[in-house]
Amino acid sequence: MSVIRIKKAHKPPYVILDTTALNDVRLSFRAKGLHTYLMSKSDNWQVYIQQLEMQSPTEGRDAIRAALKELEDAGYIRRSRQRG
């Protein structure tokens, strides 16, 4: 498999990420991808399943919920619901 690297980008949007979750065999590639996406957001960013659905139209609500459940079960995220 080839690796393509961009040597010089105008405004590089880089993220420094701990690879622990990426190497965790308990997680599916879907959950690893979602974890990486969530980690690229700012600390005060609110997660909404509807927004995640719009961000990735190929993934359905159930697929996103399953990936979030995987991450929660493995201890990578903690979910709390706010109402009102």
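Modeller: What follows is a set of questions and answers on salt bridges. This is a predicted model, in which local features need pLDDT of at least 70 and side-chain atom pairs count only at pLDDT 80 or more, while totals for chains, interfaces and linings use all residues. Residues are numbered from 1 along each chain as its sequence is written, and side-chain values use heavy atoms, with hydrogens and water left out.

Biologist: How many salt bridges does a search of the whole structure find?

Modeller: A salt bridge here is a side-chain nitrogen of Lys or Arg within 4 Å of a carboxyl oxygen of Asp or Glu. Searched as a whole, the structure has five.

Biologist: How many residues apart are arginine 30 and glutamate 59?

Modeller: Their side chains form a salt bridge, N to O at 2.8 Å. Arginine 30 is in helix α1 (residues 29–39) and glutamate 59 in the loop between α2 (49–55) and α3 (61–73); helices are DSSP runs of H or I, at least four residues, numbered from the N terminus. The pair links distant parts of the chain, and the separation is 29 residues.

Biologist: Is aspartate 73 buried or exposed?

Modeller: Aspartate 73 forms a salt bridge with lysine 69, with the closest N and O atoms 3.1 Å apart. Buried means under 20% relative accessible area, exposed over 50%, and partly exposed in between (1.4 Å probe, protein chains only). Lysine 69, at 46%, is partly exposed. Aspartate 73 has 55% relative accessibility, so this residue counts as exposed.

Biologist: Which residue forms a salt bridge with glutamate 72?

Modeller: Glutamate 72 is partly exposed at 32% relative accessibility. The closest N and O atoms of the pair are 3.9 Å apart, and the partner is arginine 79.

How values were computed:
Helix = DSSP H or I, 4+ residues; strand = E, 2+ residues; numbered from the N terminus.
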